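I opened my notebook to look up how the ligand is held. Here are my entries, friend.

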Amino acid sequence: MSFYSCIAGMRCAKCQKEEPVQYGQTTCECGGPLMVQYDLERAKSQVTVSDLIHRTQTIWRYHELLPILQVDHVVSLHEPMTPLIAVPEYGRKIGLPSLLVKDEGVLPSGTFKARGAAVGMSKVKEMGLKHVAIATNGNAGAAWALYGARAGVAVTVATPTNAPITARKECVISGADLFTLDGTIGDAGVLMERMSQQNDWYHVSTLHEPYRLEGKKTMGYEIAEQFGWSVPDVLAFPTGGGIGIIAIYKALAEMREMGWIGDKLPRIALIQSSGCAPLVRAFEKGVKSSAGWEDADTIAFGMRVPNPSGDFLILDIVEQSGGIAIAVDDSDIMETRRQVAELEGLHVCPEGAAALEGVRQLRESGWIRAEERVLVMNTGSGLKYIDQIEGAGQLVEPSTMKLSVGR
Ligand SMILES: Cc1ncc(COP(=O)(O)O)c(C=O)c1O
Ligand SMILES: [Zn+2]
């Protein structure tokens with residue numbers, strides 16, 4: 001018998017306790033995040049890497065390794081496999097001519113958050129839940145608001161008041177209830193938890209429920225497939241809550257167990273902004289707890305997470321992979337964003353620019369060698385942060401226009 005999903009249970013990433021899949025599951029009783037487990041033997045017998053060639057080029061091609069039980073519960077706005085884009089001019093400039101960027105800006109609402117929202121919202125629909133709440137720095141809220149509208153599920157979003165305006169407007173246009181508060185994403189999380197408990201909503205903030213991460217995991221499957229069932233030597237990810245990295249590594253571990261890829265895993269380059277770098281500081285100190293960051297401030301808003309709750313998982317992965325964590329300055333982020341747009345025609349988001357700048361510095365320091373295969377995740381479109389670009393063209397006087405017409 002063939003199953004749409006090979007989901008088999010849950011395991012707590014903190015205390016390792018296993019439990020069955022249950023309705024409306026959030027976290028383990030110890031407070032740790034639950035990770036979805038699959039029957040990988042069954043998945044392996046149901047789909048091979050060569051079968052995948054014939055499937056639609058969307059995240060749903062990996063449905064056996066996703067938690068949705070039935071295809072008609074899928075909530076989709078078309079989530080394409082995102083392209084690997086060569087950036088040879090910029091690459092040559094920084095000493096990595098074959099540098100590649102995976103461009104998540106082509107996903108619905110323009111960021112990789114669509115992956116988590118598509119799978120998370122599909123599971124919400126499958127469980128018959130009617131209302132979700134999410135704390136966000138903007139992009140995840142926008143994605144959940146849009147997918148909520150698609151699914152007919154109500155969405156309440158809380159975000160810091162200075163979160164990017166585009167993402168907030170996306171919440172408004174899709175009919176979500178949007179609260180803004182003078183505080184951090186952590187404060188927004190406290191508000192969403194309280195309101196969820198009072199109103200019996202499903203709280204889907206970072207690591208509060210197990211399914212968002214599964215959607216983001218498709219980044220890892222795509223990377224391996226696009227690299228011919230192998231992996232890059234170095235993978236640079238702009239990191240805030242760290243779910244991107246945890247999810248990619250979960251995918252790689254599953255694929256390794258199924259024999260889809262070999263034992264080699266990429267070294268993770270975890271990039272943060274020097275205005276909010278709790279994970280970098282912990283990495284430098286050699287500890288696994290990030291201990292918070294005072295007065296967090298960066299233009300790369302998706303990375304403004306002063307207290308990432310999955311710190312112990314992220315820092316473990318960076319260490320196990322032989323990786324590194326570094327922080328880059330906002331001024332360098334903006335300069336890189338401009339250079340990549342000018343040299344390559346690729347308008348990356350500030351988070352993606354941070355990852356590119358991190359790779360430049362790591363090449364300069366020799367941590368990345370010239371011959372290595374390096375992949376940078378551009379987690380969103382530069383259009384989501386268009387207000388950060390100064391200048392809007394030169395005014396032409398009507399008299400000059402007449403002259404240029406040449407009469
Ligand atoms: C564009 C963008 N890049 C990167 C991140 C950070 O991702 P993660 O929280 O998975 O580390 C975010 C999170 O909001 C984001 O919106
Ligand atoms: Zn636990």
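I count a polar contact as a pair of N or O atoms within 3.5 Å. Taken alone, ligand 1 exposes 390 Å², and the protein buries 95% of that (Shrake-Rupley areas, 1.4 Å probe).

This is a predicted model, where local features need pLDDT of at least 70, side-chain atom pairs count only at pLDDT 80 or more, and totals for chains, interfaces and linings use all residues. Residues are numbered from 1 along each chain as written, chains are lettered from A and ligands numbered from 1 in written order, and side-chain values use heavy atoms, without hydrogens and water.

Next I checked the backbone. A polar backbone atom of G240 is 2.8 Å from an oxygen atom of ligand 1, and a backbone N or O atom of G242 lies 2.7 Å from an oxygen atom of the ligand.

Then I asked myself: how many residues surround ligand 1? I found 13, and the closest are K113, N139, G240, G242 and T379 (near means a heavy atom within 4 Å). The shell divides into 3 nonpolar, 8 polar and 2 charged residues, with Gly counted as polar and Asp, Glu, Lys and Arg as charged. Domain 1 (7-76 + 111-203) and domain 2 (84-106 + 217-388) each give at least three residues to this shell, with bounds from an automatic or database assignment.

Key. Polar contact = N/O pair within 3.5 Å; in protein donor to acceptor, adjacent residues only side chain to side chain.
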